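Dear colleague,

Please find below the structure that I am handing over to you, followed by an account of what was found in it. I would be grateful if you would read the two side by side.

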Amino acid sequence: MVSPIYRVIIEYGYRKKGSTRRHQFKIIDTFVTTNNVELIKKNKTIRQRILRDTKTKHKDLDILFKNIYVEGQYGHTNY
């Protein structure tokens, strides 16, 4: 079944769990297969990409999603 591909821009903050420091904020531009914001927040691949983008060895990061912009549909998947 073919599903649509959406381009999203995600503003997020991260810090180590239990830390009292404020979040460090970054922006990531990626593609997802849904336009539902709640499903994007729970998506495992987005969280793994954020962990890879932060370049930290801590796997227990506290991730705060500030804004998620769904820019539009960019096509369909082949599978």
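**Fold and overall dimensions**

Among contacts in the chain (heavy atoms within 4.5 Å) between residues at least 6 apart in sequence, 67% join residues at least 24 apart. Please note that this is a predicted model, in which local features need pLDDT of at least 70 and side-chain atom pairs count only at pLDDT 80 or more, while totals for chains, interfaces and linings use all residues. Residues are numbered from 1 along each chain as its sequence is written, and side-chain values use heavy atoms, with hydrogens and water left out.

The chain contains two helices and three strands, which are DSSP runs numbered from the N terminus (helices: H or I, at least four residues; strands: E, at least two). Their order along the sequence is β-β-α-α-β. The C-alpha trace spans about 45 × 20 × 20 Å along its principal axes. The chain exposes about 5900 Å², of which carbon and sulfur atoms supply 50%; accessible areas come from the Shrake-Rupley method with a 1.4 Å probe, and for residues only the protein chains shown count as cover. Of the 79 residues, 25% count as buried, where buried means under 20% relative accessible area, exposed over 50%, and partly exposed in between (1.4 Å probe, protein chains only).

**Strand pairing**

Strands are taken to pair if DSSP finds at least two bridges between them. Strand 1 and strand 3 run antiparallel and are joined by 13 bridges; here Lys16 has Leu61 in strand 3 as its bridge partner. Strand 1 is also antiparallel to strand 2, with nine bridges between them, and Tyr6 stands opposite Val32 in strand 2.

**Nonpolar core**

Which residues touch the most other members of the largest nonpolar core? They are Ile10, Tyr12, Val32, Ile40, Ile50, Ile63 and Phe65, out of 14 residues in that core. At least two core residues come from each of strand 1, strand 2, helix 2 (44-54) and strand 3. Strand 1 supplies the largest share, five residues. A nonpolar core is defined here as a set of buried Ala, Val, Leu, Ile, Met, Phe, Trp, Tyr and Cys residues joined through side-chain atoms within 4.5 Å. In soluble globular proteins, nonpolar side chains tend to be buried together.

Apart from neighbours within four places in sequence, Ile40 is in contact with Val8, Ile10, Val32, Thr34, Ile46, Ile68 and Val70.

**Salt bridges**

The whole structure holds four salt bridges, a salt bridge being a side-chain nitrogen of Lys or Arg within 4 Å of a carboxyl oxygen of Asp or Glu.

Arg7 forms one of them with Asp29, with the closest N and O atoms 2.5 Å apart. This pair links distant parts of the chain, as Arg7 lies in strand 1 (residues 4-16) and Asp29 in strand 2 (residues 24-32), 22 residues apart. Arg7 is partly exposed at 22% relative accessibility, and Asp29 is partly exposed at 36%. A network of salt bridges links Arg7, Asp29 and Glu71.

Arg15 forms a salt bridge with Asp62, and their closest N and O atoms are 3.6 Å apart. Arg15 in strand 1 and Asp62 in strand 3 are 47 residues apart, so this pair too links distant parts of the chain. Arg15 is partly exposed, with a relative accessible area of 25%, and Asp62 is partly exposed at 27%.

Lys41 and Glu38 meet in a salt bridge at 3.9 Å, N to O. These two residues are separated by about one helical turn because they are three residues apart in helix 1 (residues 37-42). Lys41 is partly exposed at 27% relative accessibility, and Glu38 is partly exposed at 45%.

Glu11 is found in strand 1. Glu11 is buried yet has no salt bridge, and the nearest side chain of opposite charge, Lys66, is 4.6 Å away; Lys and Arg count as positive and Asp and Glu as negative, while His and the chain ends are not counted. Beyond neighbours within four places in sequence, the contacts of Glu11 are Lys26, Ile27, Leu64, Phe65, Lys66, Asn67 and Tyr69.

Leu64 is found in strand 3 (residues 61-76) and is partly exposed, with a relative accessible area of 38%. With neighbours within four places in sequence left aside, Leu64 is in contact with Glu11, Tyr12, Gly13, His23 and Phe25. The C-alpha atoms of Leu64 and Gln24 are separated by 9.6 Å, the two residues being 40 apart along the chain.

Yours sincerely
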